[in-house]
Amino acid sequence: MSMNNVGRPTAPQSTTASGGFSSLTGGRGLLQDEVLIFERGGWNKTGVDLPEATIQADDLGDLIRTAPIGLPGLSEPETMRHYVRLSQKNHAIDLALYPLGSCTMKHNPRLNEKLARLSGFADIHPLQPQSTVPGALELMDRLAHWLKTLTGMPAVALTPKAGAHGELCGILAIRAAHEARGDDARKVVLVPTSAHGTNPATAAFVGYSVREIAQTDDGRVDLADLEAKLGPDVAAIMVTNPNTCGLFERDIVEIARLTHAAGAYFYCDGANFNAIVGRVRPGDLGVDAMHINLHKTFSTPHGGGGPGAGPVVLSEALAPFAPTPWLVHGPDGLRLEEEAVGEAAQAFGRMSAFHGQMGMYVRAYAYMRSHGADGLKQVAEDAVLNANYIKARLSDVMSPAFPDGPCMHEALFDDEWLEGTGVTTLDFAKAMIDEGFHPMTMYFPLVVHGAMLIEPTETESKHELDRFITALRALAEAAKAGDADRFKGAPHLAPMRRLDETLAARKPRLRWRPEAPASLAAQ
Ligand SMILES: *Cc1c(COP(=O)(O)O)cnc(C)c1O
């Protein structure tokens with residue numbers, strides 16, 4: 001197989017699934033292969049007509065360039081095609097179901113996009129005088145109102161830019177609250193074993209050490225273990241609800257009670273809020289702080305194409321420590337308080353240079369208003385119904401990790417059903433690509449062996465779910481029938497086969513270099 005000098009195969013490998021047939025030049029049924037833009041060369045070409053530059057050598061002195069800098073040159077149509085071809089290699093929620101568990105990959109309505117592009121929102125500058133942007137401030141205030149109402153919490157910090165950033169905001173507020181009481185003995189944050197990796201990472205980043213809480217056989221926080229691990233050294237507990245096994249924490253009110261009795265705060269990871277929005281108000285459960293991933297629950301695009309947004313709702317106890325800026329209703333209308341003065345005197349600081357992701361605020365608010373309160377409740381109900389449909393229709397061929405009772409918004413399977421087939425969770429996931437489906441989340445949560453976590457969301461129709469289920473059932477049957485080759489070599493039909501993801505993560509090659517030695521290319 002030929003590789004380019006960053007180790008990427010330059011042509012699709014031959015396929016076995018299509019009878020060993022491969023194209024002669026790398027195309028694939030009207031889908032052309034695409035190399036890196038630098039590999040296209042064309043150094044002396046450009047897509048635009050520019051007048052000859054009239055730079056005086058004297059202006060630049062020593063800094064004048066003496067050699068070409070190697071920028072690729074493409075004509076306008078070539079440029080267009082290059083990026084469209086690359087986009088065809090990228091899976092997107094607009095192409096098909098995107099079943100990644102814990103990610104809530106749902107449809108992003110075009111209405112949101114249209115509103116976010118209104119010039120009154122899109123073209124304002126963060127340094128513009130506040131008096132010139134009353135509409136933007138009003139939208140932020142209304143968004144804040146919906147977030148507080150839906151969660152039953154009195155305050156919200158809008159600025160964090162992702163779920164993980166929201167966690168940081170919440171834990172910093174908790175630390176500030178302990179410090180304000182002069183309590184500096186609390187050095188530990190409790191985190192269940194099934195937690196998303198960002199939870200322990202956040203706690204460690206703020207300077208806490210992490211103590212794990214065990215999980216019961218039915219996938220929930222072990223209350224006895226929690227009680228044993230709570231103490232005067234515990235600053236907070238971080239619990240996801242519904243949790244990363246896709247299950248509602250039945251004892252959540254008791255978890256909050258025990259936590260508060262020990263003088264600690266309850267941080268709820270709200271990434272899975274989509275499963276309960278409009279049905280459950282976290283404030284009623286005793287939560288002190290919770291981030292909401294607007295890009296999950298309220299349909300704004302995810303981080304990679306981002307930016308995301310992770311506002312944090314706060315309880316009465318934590319609200320005074322929220323980061324600036326604060327929206328205040330003054331005599332002249334809405335105003336952003338930028339300084340830690342007045343009511344904001346105890347603010348722990350700032351989470352971002354400006355006021356957060358305006359475009360995400362607009363999209364999320366548009367989504368809320370187009371659904372209405374009743375529509376948002378139905379979002380949660382349909383998301384849970386869809387996940388349970390998948391669980392019910394696959395439980396006879398795959399093994400659900402927690403077979404008893406319904407799940408919430410995601411269906412979790414383990415790899416017990418693959419035992420003896422020679423097929424692993426990874427092989428199975430890769431084979432899904434050959435069937436036209438993006439794999440589900442694999443090997444997470446870590447507490448479930450060979451986990452496969454499927455989150456369909458409410459935006460998939462029964463027809464689409466049935467197609468997905470048919471594909472998974474067919475694959476499951478092939479695995480059990482001993483067709484291990486189909487899985488070991490998968491994906492057969494994708495432009496790239498199995499990549500060495502570990503090597504790519506440990507030694508990423510982020511730079512294209514024109515002339516790498518042959519030994520590098522061979523890697
Ligand atoms: C997605 C997710 C996060 C992190 O959110 P980001 O917006 O990706 O930073 C944290 N916890 C859970 C449970 C999640 O699913």
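## Salt bridges across the chain

The structure, which is a predicted model, holds 30 salt bridges. As a general point, side chains of opposite charge can pair when their charged atoms come close. One of these pairs joins the side chains of Lys 45 and Glu 78, with an N to O distance of 2.9 Å.

A second pair is formed by Glu 113 and Arg 117, whose side chains meet at 3.0 Å, N to O. Here the burial of the two partners can be read directly from the cut-offs: Glu 113, with a relative accessible area of 14%, is buried because this value falls under 20%, whereas Arg 117, at 56%, is exposed because its value is over 50%.

Glu 381 counts as partly exposed at 30% relative accessibility, while Arg 279, at 51%, counts as exposed. Beyond these pairs, Glu 34, Arg 40 and Arg 85 are linked in a network of salt bridges.

## The seven-stranded sheet

Seven strands form an open sheet with mixed pairing, in the order β1-β7-β6-β5-β4-β2-β3. The edges are taken by β1 (155-157) and β3 (209-213), and because each has a single partner strand, one side of each is left without a neighbour in the sheet. Between neighbouring strands the average turn is 25 degrees, direction ignored. Within the sheet, β4 and β5 run parallel and are joined by five bridges; Val 239 has Cys 268, in β5, as its bridge partner.

Two helices lie across strands of this sheet. Helix α5 lies across β1, β6 and β7 (312-314), and its direction is at about 125 degrees to that of β1. Helix α6 (residues 163-180) lies across β1, β4, β5, β6 and β7, and runs at about 175 degrees to β5.

## The β8-β9 hairpin

Strand β8 (residues 326-330) pairs with β9 in the antiparallel sense, over five bridges. The two strands are joined as a hairpin through two residues, and within this pairing His 329 has Leu 334, in β9, as its bridge partner.

## The largest nonpolar core

The largest nonpolar core has 60 residues, and the members that touch the most others are Leu 143, Leu 147, Leu 226, Phe 266, Leu 294 and Phe 298. Two or more residues are given to this core by each of α5 (134-151), β2 (188-192), β4 (234-240), α9 (252-261), β5 (265-269), β9 (333-337) and α11 (358-394). Helix α11 supplies the largest share, 12 residues. The core also draws at least three residues from each of domain 1 (111-367) and domain 2 (374-504).

Which residues does Leu 226 contact, leaving aside its neighbours within four places in sequence? Its contacts are Leu 190, Ile 213, Val 221, Ile 237, Ile 255 and Leu 258.

The chain is divided into domain 1, covering residues 111-367, and domain 2, covering residues 374-504. Taken over C-alpha atoms, the centres of the two domains are separated by 30 Å. The contact between them takes 26 residues from domain 1 and 19 residues from domain 2.

## Ala 474 in helix α13

Ala 474 lies in helix α13 (residues 462-480) and is partly exposed, with a relative accessible area of 46%. Although Ala 474 and Glu 435 are 39 residues apart in sequence, their C-alpha atoms are 9.7 Å apart in space.

Notes:
Residues are numbered from 1 along each chain as its sequence is written. This is a predicted model: local features need pLDDT of at least 70, side-chain atom pairs count only at pLDDT 80 or more; totals for chains, interfaces and linings use all residues. Side-chain values use heavy atoms; hydrogens and water are left out. A nonpolar core is a set of buried Ala, Val, Leu, Ile, Met, Phe, Trp, Tyr and Cys residues joined through side-chain atoms within 4.5 Å. Buried means under 20% relative accessible area, exposed over 50%, partly exposed in between (1.4 Å probe, protein chains only). Helices (H or I, at least four residues) and strands (E, at least two) are DSSP runs, numbered from the N terminus. Domain bounds come from an automatic or database domain assignment. Contact means heavy atoms within 4.5 Å. A salt bridge is a side-chain nitrogen of Lys or Arg within 4 Å of a carboxyl oxygen of Asp or Glu. Two strands pair if DSSP finds at least two bridges between them. Axes are lines fitted to C-alpha atoms, for helices over the stretch in contact, and angles run from 0 to 180 degrees between N-to-C directions.
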